[in-house]
Amino acid sequence: MSDGHEHTGHEHVPSRQRRRFPGISSRTYEHPADRSALVALRKLSGFDTVFKALSGLLPERSLRLLFLSDSVRVSDQQFSHLNVMLRDACYILDLEKVPPMYVNQDPQPNAMCIGLDEPIIVVTTGLVELLDEEEMRAVIGHEVGHALSGHSVYRTILLFLTSLAVRVAWIPLGNLAIMAIVTGLREWFRKSELSADRAGLLVGQDLQASMRGLMKIAGGNHLHEMNVDAFLAQAEEYEAGGDLRDSVLKILNVLPRSHPFTTVRAAELKKWAESRDYQRIMDGHYPRRDEDKDTSVRDSWRESANHYTNHVKSSKDPLMKLVTDLAGGAGDLGDRVRRGFGGFTNPGQQPPRGPETPGSSGSPGDDQPPRDDS
C-alpha cells in the first residue's frame with residue numbers, strides 16, 4: 001500500500017510502493033471529449049444549484065437507503081481488503097473524503113459510482129469473485145476517478161432520464177426528446193469510462209492487471225484460455241475490418257450502450273499507458289486541482305476538436321477513411337461508396353447500368369436494376 005500501512009486480507013499479493021499524486025486535477029487523466037464537457041459545465045454559473053434542485057426529483061435518497069438496507073457496506077469489519085484498496089485509491093488520487101462503498105449481491109460483474117450530493121460506489125459480488133486483488137484495485141481506482149471527476153452527478157441524471165424515457169414512451173414526441181438527451185449523455189459517458197480507466201491505471205500502476213481485468217469482464221475467469229495480445233488484436237480487427245456497412249452497424253451497436261466495448265477500452269488504455277503524457281504524470285508533472293478555475297473552456301473544446309480530427313485521420317475504419325477522403329476531395333468518391341456497400345448486392349454482380357440512350361445496342365432489360373435473389 002502506498003502509505004506504508006500493512007494490508008489486511010489477500011496477503012498472498014505482496015504489498016508494494018505506489019506513486020501518489022498530491023493535488024492532482026481530474027483533468028490529468030480525462031479523455032479530451034470528457035474533459036471539454038466537464039470544463040464547460042463547471043464554468044456554468046448556477047450549474048450546481050440547478051442539479052441540487054433536481055435532487056428532489058431523483059431517486060438518490062431511495063438508492064442510498066436501498067444499498068444501506070440491502071447491501072454490505074465496506075469497512076474495517078466487512079470486506080476489509082476492499083476497504084484498504086478504497087482508502088489507498090483515495091490516498092493516491094488525493095481525494096480527501098472517502099466515498100462509502102457497498103457490495104451488492106448480483107452475479108453480473110459490475111461497478112458504478114452514483115450520487116448528486118455525495119458519490120457512493122457500488123460493486124457486485126460477481127465482480128468481487130471474478131477479479132484478483134490487483135485487478136480489483138484498478139476497478140476501485142476507476143470508480144474513485146469517477147468520483148474525483150464528478151461523473152457520479154451525470155451518471156445519476158442519466159439513470160433518471162433513461163427511466164423517465166420508459167415512463168413517457170406513450171407521449172407523442174416526448175420519448176424522442178428525452179432519448180435524444182439520453183443518447184448525448186451516453187456518448188459523453190462512454191468517453192468518461194475511458195477517463196476512469198486511466199484513473200484506475202494511475203491507482204493500480206499495473207497495466208497488465210488492468211488488461212486482465214478487462215479480459216475477465218469480457219470472457220470470464222478463464223485467464224489460462226486468454227491472451228492479452230490476441231485480445232488487443234480483436235480491437236484492431238474491429239477497428240479496421242469490414243466495409244461501410246460494418247461501420248454503420250458499429251455505430252448502431254454502440255448507441256444504446258453506456259460503456260465502450262471491452263476490447264476498445266483495452267486498446268485505448270494501452271495506447272495511453274505508452275504515451276508521453278502518462279510518463280510525465282508518473283514523473284510528477286500534471287495539472288493541479290487549484291488551477292482548475294483558470295482552465296479555458298475554449299482551449300478545452302479546441303483540444304477535444306483536435307483529438308477527434310486526429311482520430312478520424314488516423315482511423316482505419318472504412319467510414320472514417322471515407323470522411324477523410326471526402327475532406328480531401330477524393331475524385332473517386334462514388335466508386336468508393338459503391339465498393340463499401342457492395343455487399344448489399346450479390347457477390348460478382350455488376351452494378352446497375354443507367355438507361356440506354358435511343359439507338360443503343362443494349363439488350364432488353366439492360367436499363368433495369370439487377371434482381372437480388374438472396
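The lining of the second largest cavity is made of two nonpolar, one polar and four charged residues. Here Ala, Val, Leu, Ile, Met, Phe, Trp, Tyr, Cys and Pro count as nonpolar, Asp, Glu, Lys and Arg as charged, and the others, Gly among them, as polar. This is a predicted model, in which local features need pLDDT of at least 70 and side-chain atom pairs count only at pLDDT 80 or more, while totals for chains, interfaces and linings use all residues. Residues are numbered from 1 along each chain as its sequence is written, and side-chain values use heavy atoms, with hydrogens and water left out.

Which residues line the second largest cavity? They are His31, Leu194, Asp197, Arg198, Arg265, Glu268 and Leu269. Two elements, α8 (174-204) and α12 (262-273), each give two or more residues to this lining. (Helices are DSSP runs of H or I with at least four residues, strands are runs of E with at least two, and both are numbered from the N terminus.) The space in this cavity is about 40 Å³, and the whole structure has two cavities of 30 Å³ or more. A cavity is a set of points on a 1 Å grid over the protein atoms alone where a 1.4 Å probe fits but cannot get out, and lining residues have an atom within 4 Å of a point. Points are joined across faces, edges and corners, and a volume is the space filled by probe spheres set on them.

## Two helices that meet α12

Two packed helices are described by the angle between their axes and the distance between the axes. Axes are lines fitted to C-alpha atoms, for helices over the stretch in contact, with angles from 0 to 180 degrees between N-to-C directions. For α9 (residues 207-219) and α12, the axes come within 9 Å and cross at roughly 175°. That makes α9 roughly antiparallel to α12 (over 145 degrees). In contact, meaning heavy atoms within 4.5 Å, Leu207, Ser210, Met211, Leu214 and Ala218 of α9 meet Thr262, Arg265, Ala266, Leu269, Lys270 and Ala273 of α12.

How does α10 (residues 228-240) cross α12, and at what angle? Their axes come within 8 Å and cross at roughly 105°, so α10 is roughly perpendicular to α12 (65 to 115 degrees). Phe231, Leu232, Gln234, Ala235 and Tyr238 are the α10 residues in this contact, and the α12 residues include Thr263 and Ala267. By class, the contact has seven nonpolar, three polar and one charged residue.

## A four-stranded sheet

The open sheet has the order β1-β2-β4-β3, with mixed pairing; two strands pair if DSSP finds at least two bridges between them. Because β1 (72-73) and β3 (111-114) stand at the edges with a single partner strand each, one side of each has no neighbour in the sheet.

β1 and β2 are antiparallel, over two bridges, with Arg73 opposite Tyr102 in β2. In contrast, β2 (residues 101-104) and β4 (residues 120-124) run parallel, joined by four bridges. In β4, Val122 is the bridge partner of Tyr102.

Key: 1 Å grid on protein atoms, 1.4 Å probe; cavity = no way out; pocket = protein on both sides within 12 Å on 5 of 7 lines; lining within 4 Å. Parallel < 35°, antiparallel > 145°, perpendicular 65-115°, else oblique.
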